[in-house]
Structure formats: structure tokens, C-alpha cells
Amino acid sequence: MSDVLTKFVRAADYLSAAQIYLQDNVLLSEPLKPEHIKPRLLGHWGTCPGINFTYAHLNRAIIAHDVEMLFLLGPGHGFPAVQANLFLEGTLTKYFKDITHNTAGMQHMAKQFSWPYGYPSHSNPEAPGVILEGGELGYSLSTAYGAALDNPDLVVACLVGDGEAETGPTATAWHLNKLIDPAHNGAVLPILHLNGYKISGPTFFGRMSDDELRALFYGYGYEPHFVDAYTEADVHAKMMAVMDETIEAIRFTQHCAREGTLHETPRFPMIILRTPKGWHSIDYIGDKKIEDNHYSHQVIAESARTDAGQLAKLEEWLRSYKFEELWDGDNFDSDIQSLIPREDRKMGDSRHARGGNPVYQPLAMPDLQNYTTNQTCDLNNPICGMESSMERIGGYLRDLMRENECNRNLRLMSPDETYSNKLGAVFEATKRAFVWPHKEWDKDMAWDGRVLEMLSEHSLQGMLQGYVLTGRHGVFVSYEAFIQIVSSMADQYSKFIKIARDVKWRGDFPSFNYILTSGAWRQEHNGFSHQNPGFIDGILQRQGCYTNVYFPADANMALVAFKKMMSSKKEINVLVCSKRPLPVWRTLAEAKQDMEDGVSIWEFASDEDPDIVFAAAGDYPTLEALAAISLVRQRVPAMKMRFVNISSLSALGIGNSQCRVLRHDFKYYFTADKPVIINFHGYPQTIKQVLFDYAQNPDRFIVHGYEESGSTTTPFDMMVRNRVDRFHLAMEAFAKAAKEGIITEIEAHDLIAEFQQKLFDHRAYVKEHGEDLAEITNWSWQQR
């Protein structure tokens with residue numbers, strides 16, 4: 001069998017190198033010439049041989065043990081190897097009409113790799129079997145664990161590069177084994193690939209001894225198995241033995257857990273694979289060591305098109321694979337074909353990576369009518385009550401889990417904040433997953449739980465990506481300020497699904513859903529470090545119709561938005577809402593219409609033919625804007641005002657003009673020429689980008705929002721410091737009233753002075769008493 005595996009790896013190595021170098025003469029049927037070499041050599045060779053070695057052995061294990069396996073590659077720059085194996089197993093031919101399984105198809109694949117309008121240099125959504133690009137390193141292991149959740153028959157083989165292993169996200173992801181109950185989930189088989197070097201120097205893990213590595217990963221809860229190409233007389237025989245042992249260990253652990261005899265902490269296997277970087281290539285070019293050194297990381301013999309010596313070295317290397325012995329022009333050698341799994345076991349054609357039925361099933365959604373409050377609001381009494389948006393969502397999510405328990409396709413992920421974020425109701429239906437030892441006083445914990453908590457936003461983001469892209473549903477709840485930790489991951493994911501949405505063979509998959517709570521306006525107790533609404537800016541900058549940011553003003557609107565998010569497909573949704581009780585302004589019917597439109601006029605707070613428009617996005621900004629309207633009406637009864645609530649910025653079209661879905665034109669809401677005061681949840685510049693496209697007269701818009709002015713203070717003082725409070729908004733209105741001739745300049749001056757005194761009194765009061773004035777905390781809307 002070692003000879004068979006050697007043939008397979010030779011073929012895959014050759015195809016990997018051919019993609020990097022050759023635009024013609026792909027079979028070397030004539031002497032290699034400069035014109036056969038691509039004018040721009042792009043790609044990464046160094047990791048490819050180790051990937052091909054691993055893929056070959058995974059194929060053998062799949063066939064020998066009848067394993068359903070998904071392959072995740074951490075170093076996505078090793079894509080030539082992935083594509084080579086996809087060609088070998090015939091999957092590329094299935095999905096790409098130009099990559100026929102013959103020499104012409106091979107020639108097309110080689111030339112088009114890293115070629116304009118061809119195939120990318122890294123793993124990508126257009127490649128079958130891929131659910132991670134791996135361009136930005138660090139996310140493979142967490143994504144693998146997400147794919148394994150609730151897939152009890154799946155083994156996810158995850159190749160982690162030793163450069164990738166130095167990243168923070170990977171360092172935390174090793175601990176995700178502590179959340180995986182083997183009775184109900186699949187398994188991750190981590191393969192730490194130590195080829196010793198990054199782009200310009202050695203890796204930490206590559207220079208660690210076996211004893212150091214064994215101690216480290218045993219301490220993490222794994223059983224390490226070593227395969228060392230430097231020391232093994234027959235490295236294939238060793239890898240076969242290790243693969244058999246690890247598959248058997250996984251199945252034994254799962255068997256014991258599923259029959260109820262596993263009572264100890266499970267210890268899953270992992271493989272630590274040492275191979276030379278750039279294995280079986282060019283040893284030296286001049287006095288520069290290439291193979292088994294960092295110089296083989298990317299393109300070696302990079303001057304082969306112009307340097308006769310390097311061209312000769314390259315030809316000698318490529319011919320060393322004797323590819324003509326392995327390929328007859330239409331078929332590979334029978335030994336190679338014997339390592340191709342049957343159709344439903346090919347890693348490149350995994351049903352879990354394709355999405356759609358049967359891996360994707362829409363959620364059964366409870367009726368919102370049972371969760372909303374005060375369906376018929378009497379705004380004179382005084383509003384519709386006070387409710388916590390997050391508590392209402394918690395109750396809905398609890399029943400959502402109950403109704404979908406039979407499908408086991410819904411997860412909540414939160415960095416140790418489920419209680420804090422008022423979602424405790426979910427524990428009436430499930431527990432927090434935790435398979436490491438329990439204490440008798442631990443609360444709401446079990447080996448099998450649908451809530452995953454870990455103080456690593458990176459790991460949770462990666463897990464949910466893997467879970468969602470393999471067809472299941474989830475929601476990631478975080479403090480608003482700390483979700484910024486995964487901003488770059490979110491950007492990478494958005495790039496992936498931007499392409500994946502249009503790949504014809506990819507089926508449906510659920511949306512990636514965030515809830516951002518504990519926002520800046522109620523982080524007055526934790527202070528400045530906990531105040532950052534910037535995550536939404538990055539989401540809204542995505543160029544495509546697949547991102548939505550929702551700003552529900554009350555609990556009813558939050559529930560409507562949450563249901564909409566959990567029902568959607570192939571999108572990124574962000575729900576921004578508070579966890580403390582706030583007024584409920586809208587009935588369920590009104591909330592549904594508001595969230596459908598994204599922007600709406602609230603008639604109860606609006607006059608016909610207004611002199612000024614107040615607008616708000618977010619729950620606390622809405623409260624303050626309505627309080628300002630109430631104050632202005634008391635002081636200037638003649639001033640006619642309109643209130644516009646913005647519940648979704650995507651409806652206004654940030655990012656892509658094709659996404660604008662306004663029911664009416666912009667002037668319908670904001671008039672053609674009246675002053676507009678906007679109170680925004682986030683940074684003012686975010687909403688100003690919208691106005692740039694719409695406003696012919698931008699000077700009439702005044703935008704208030706978070707201005708990086710924060711500390712440990714009172715809730716209302718947080719609003720005051722950033723000038724989003726009712727007093728600042730009212731003073732803006734008084735100034736506009738004078739400009740419009742509704743009141744005199746002297747009257748405006750006196751009113752502004754009165755409200756400046758209110759601000760002075762407020763500050764003096766909170767400094768003395770440590771809490772807000774009663775007129776603030778006890779305020780309620782009163783109809784005229």
C-alpha cells in the first residue's frame with residue numbers, strides 16, 4: 001500500500017506544481033521552454049506536499065473504515081494541492097465543464113490557476129468541498145468544530161499549519177474539544193502539520209521537541225500521535241497505522257458515549273505530522289537552501305522564465321515525478337484510482353459543504369403573537385408598557401429550540417454572557433455544553449447543551465461559521481463593544497458568502513446572525529472601554545445585498561427582526577438592541593410593517609406638513625428623540641414636527657444602491673427642504689454616508705451619535721456627554737424654529753438658556769447623588 005500511496009502523492013504533487021508554473025506543455029511532452037512558463041508565477045508551493053500526503057491518507061482511511069469525512073485546510077494558500085486532489089477524484093470535472101478529466105482539462109486547470117478571470121490562488125467558495133478560504137490564518141480549527149456539531153457520523157479532518165498555529169484564534173480553538181459531546185456530535189481530527197517554516201523564518205511549533213508538543217496537547221485534552229517523515233523508514237506505513245488508530249479511537253469513544261458507558265472526560269486523538277517544507281522539490285539554487293527551508297514557502301525557481309539555470313532546475317524537478325507513468329492522457333494509474341472514495345464519500349464533494357437539502361432545513365418558527373406585549377396600545381396610558389427586548393427574544397429563542405429539537409439544528413453562542421444578556425429563558429429548554437468535569441454547584445451545564453459559551457469571540461465566530469455553512473442555524477450574542485474582536489473574521493466570512501451566494505452548485509444555507517447588546521448607551525457602569533458601536537460600520541460597508549443591520553426601537557420590533565433574521569438565508573444579520581426594560585411603542589402589526597419597510601413615520605408623534613423632522617435609529621436614541629419632541633411641543637406649541645424611525649440602515653442602502661427598498665422616496669419621509677435632526681445609535685459618520693447619496697441639501701441635516709465621549713457615569717449622562725439627549729436635541733429644534741420664523745430669536749435664546757441650565761443642573765445632581773434626576777428616569781410619553 002505504501003507504493004500505491006506514493007503514486008497518488010506523486011501525481012498530486014506534480015499537478016500542484018504544474019498549476020503554479022505551467023501555461024503550456026503540461027505533460028512535459030517536449031523539453032521545457034521559457035514560453036511554457038507563466039509570465040507571473042503566483043502561488044505557494046511549500047505546504048502543498050504535506051497537504052497531498054495527508055489527503056491521500058485520508059482517502060485510504062475513508063475507504064478502509066467507510067468514514068464520512070469533511071476536509072478543512074487551514075493554510076488556504078496551499079490551494080494548488082486542494083485543486084490537484086479535486087481533479088484526481090473527479091470532483092472538478094463534475095462542477096466545471098472546462099476541466100474535463102483528460103489532458104485538455106488538466107491543461108486548462110494548470111493555466112487558469114492564479115490567472116486573471118481564472119481560479120484563485122487560495123481556497124475559495126467556488127471550489128467544491130471548501131467552507132473556509134484560509135487566506136487570513138487562524139480559523140480552521142474552530143470552523144471544523146462548528147461543522148462537527150450535530151453531525152454525529154461526520155469526521156472533520158482539519159489540517160492546521162504550524163504558522164497558523166501561532167495565531168491567537170487557533171490557540172483558543174484547541175479548547176473547543178471541551179464543548180463536544182461525543183454522544184450527539186461528530187468528531188474533529190486535528191492534524192498539526194509541522195513543515196518548520198513560515199514565509200521567512202522558522203515556526204515556534206516546528207522547533208518544539210516531541211516531548212514538549214506531547215505535553216502541550218495532552219494538557220489540552222488530546223491524545224497526540226506523531227508521524228515524522230524525517231525519521232520513519234516508511235512514513236506511509238506509519239501514517240496508515242496512525243490513521244487507523246485515530247479513526248478507531250474516535251469511533252470507540254463515540255460508541256461508549258452513545259451507549260451510556262462513557263463517564264470520564266473524553267480524550268480525542270490528534271496527529272502531529274512533521275514533513276520538510278517543499279518536500280521532494282529543489283534542494284538548492286546556488287548556495288540558497290530551498291527544500292526544508294523557508295525559501296520554498298512560495299514560488300521556487302521564480303526566475304525560470306528568464307534564467308536558463310533555474311529553468312533547468314525546474315524541469316529536472318518536474319520530471320522527477322515521472323507523471324507519464326501515472327497518467328495515460330485520459331485516466332490515472334489503477335493504483336491511484338483505488339484511492340478515490342466512492343461518490344458519496346469524496347471529501348471534495350461532501351454534502352455538508354454543498355448546503356441545501358438534506359443538510360439545510362428551515363426552522364419551525366413559533367407564532368410571534370404569543371411573545372409580543374400589549375397588542376392594542378393606548379398611547380394615553382401612557383405608552384404600551386416597559387419590556388426588555390432581550391428577555392422577549394430569550395423567551396422566543398427558548399421555544400424556537402424546543403420546536404426544532406428533533407432536528408438538532410439550532411445553537412446559541414455567547415462568550416459567558418447568556419445570563420447577563422437576559423437570555424436565561426433558554427435554560428428552560430436546554431443547557432450549556434461542557435464535557436469537562438462538573439462541580440455540584442454548577443448551574444445549567446450538561447455534556448449535551450445547545451448553548452456554547454467560551455470567552456473567545458474568535459472561537460465562537462469560527463464555530464458558527466462552520467455550523468452555518470454546513471446547513472444549520474445559529475445566533476452569536478455579544479456585548480457590542482467586544483464583537484469588534486472578530487471584525488476581521490466577519491470581513492473574511494462576508495467575502496466568502498458574497499461569492500458563495502452565486503455559486504450554482506451551492507445550496508441554501510442559513511444566515512449568520514449576531515445580536516449586539518449591552519451597547520454604549522448602557523455601559524455607563526463599565527465605562528469607556530465597554531463603549532464601541534463600530535462593528536456595524538464594517539458590516540454595512542459590504543458591497544452586496546446580503547448584509548442587514550436592524551435597530552429595533554422596542555421589544556415588539558426586536559422580536560419581529562429576530563424572527564426575520566432566523567428565517568433568512570445566505571445573509572449576515574446584525575440586531576442591535578438593549579437588555580434593560582424600555583417603552584414599547586409599537587403594536588405587533590405596526591412592528592411588522594416598520595421592520596419590513598426599514599424606515600417609517602410614527603403618526604402618534606407626528607404632525608401634518610411638519611416644520612422640522614426628528615429621526616432616530618436605535619432604542620435609546622428613539623426614546624430621547626421622542627422625549628425631545630414632547631419638550632418642544634410644551635415650549636413651542638406652534639411648531640409642527642414629524643418623527644421618523646429608522647429600523648434598518650440596509651433599507652436606506654449603505655453599501656449598494658441596488659439594495660434600496662424604500663416603500664416611498666426619501667422626500668416622503670424627510671421632506672424636500674425642512675430641517676432634519678437625526679439621533680443615531682452609532683457613530684455619526686455612519687449615517688452621514690447615507691445622506692451623501694440622498695440629500696440635495698445636506699446642510700439641513702444635523703446628526704447626533706456616539707462621539708467617543710464616555711466614562712463611568714449615569715445612563716442619562718452618557719447620552720448628555722455625546723449630545724444625543726433630549727435637551728441637546730430640543731435646543732437644536734429651538735434654533736431651527738427661530739430660523740424658520742416660528743419663534744423669535746429672543747424666544748429661542750431664552751429657551752436654549754433654560755435647557756442649558758437643565759444640563760448644568762443635571763450634571764450637578766449626578767455628581768452629588770450618583771443617579772439621574774427623577775424627571776428623566778420617570779419620564780413617559782404623553783399625547784397632546
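I call a residue buried when its relative accessible area is under 20%. The model is predicted, and I kept that in mind throughout.

**Entry 1: helix H18.** I looked up H18, residues 555-567. Ten of its 13 residues are buried, so I noted the helix as mostly covered, by the under 20% cut-off. The buried ones are Ala555, Asn556, Met557, Ala558, Leu559, Val560, Ala561, Phe562, Met565 and Met566. From first C-alpha to last, H18 reaches 18 Å, close to the 18 Å expected at 1.5 Å a residue.

**Entry 2: H18 against H19.** I then checked helix H19, residues 588-597. The axes of H18 and H19 come within 8 Å and cross at roughly 55 degrees. The two helices are therefore oblique to each other. Their crossing is right-handed. On the H18 side, Asn556, Met557, Val560, Ala561 and Lys564 make the contact. H19 brings Leu588, Ala591, Lys592, Asp594, Met595 and Glu596. I sorted the residues of this contact into six nonpolar, one polar and four charged.

**Entry 3: a cis peptide.** I found a cis bond from Asn357 to Pro358, with omega near 5 degrees. Pro358 sits in the loop between helix H13 (351-354) and strand S8 (386-387).

**Entry 4: positive phi.** Asn25, a residue other than glycine, has phi near 60 degrees. I placed Asn25 in the loop between helix H1 (2-21) and helix H2 (48-65). Buried or exposed? Asn25 is buried, at 5% relative accessible area. Lys322 also has a positive phi, near 50 degrees. Lys322 lies in the loop between helix H11 (308-319) and helix H12 (334-337). Lys322 is partly exposed, at 42%.

Terms used:
Residues are numbered from 1 along each chain as its sequence is written. This is a predicted model: local features need pLDDT of at least 70, side-chain atom pairs count only at pLDDT 80 or more; totals for chains, interfaces and linings use all residues. Side-chain values use heavy atoms; hydrogens and water are left out. Axes are lines fitted to C-alpha atoms, for helices over the stretch in contact, and angles run from 0 to 180 degrees between N-to-C directions. Helices (H or I, at least four residues) and strands (E, at least two) are DSSP runs, numbered from the N terminus. Angles under 35 degrees count as roughly parallel, over 145 as roughly antiparallel, 65 to 115 as roughly perpendicular and the rest as oblique. A crossing is left-handed if the near helix is turned anticlockwise from the far one by less than a right angle, and right-handed if clockwise. Contact means heavy atoms within 4.5 Å. Ala, Val, Leu, Ile, Met, Phe, Trp, Tyr, Cys and Pro count as nonpolar, Asp, Glu, Lys and Arg as charged, and the others, Gly among them, as polar. The expected span of a helix is 1.5 Å times one less than its number of residues. Buried means under 20% relative accessible area, exposed over 50%, partly exposed in between (1.4 Å probe, protein chains only).
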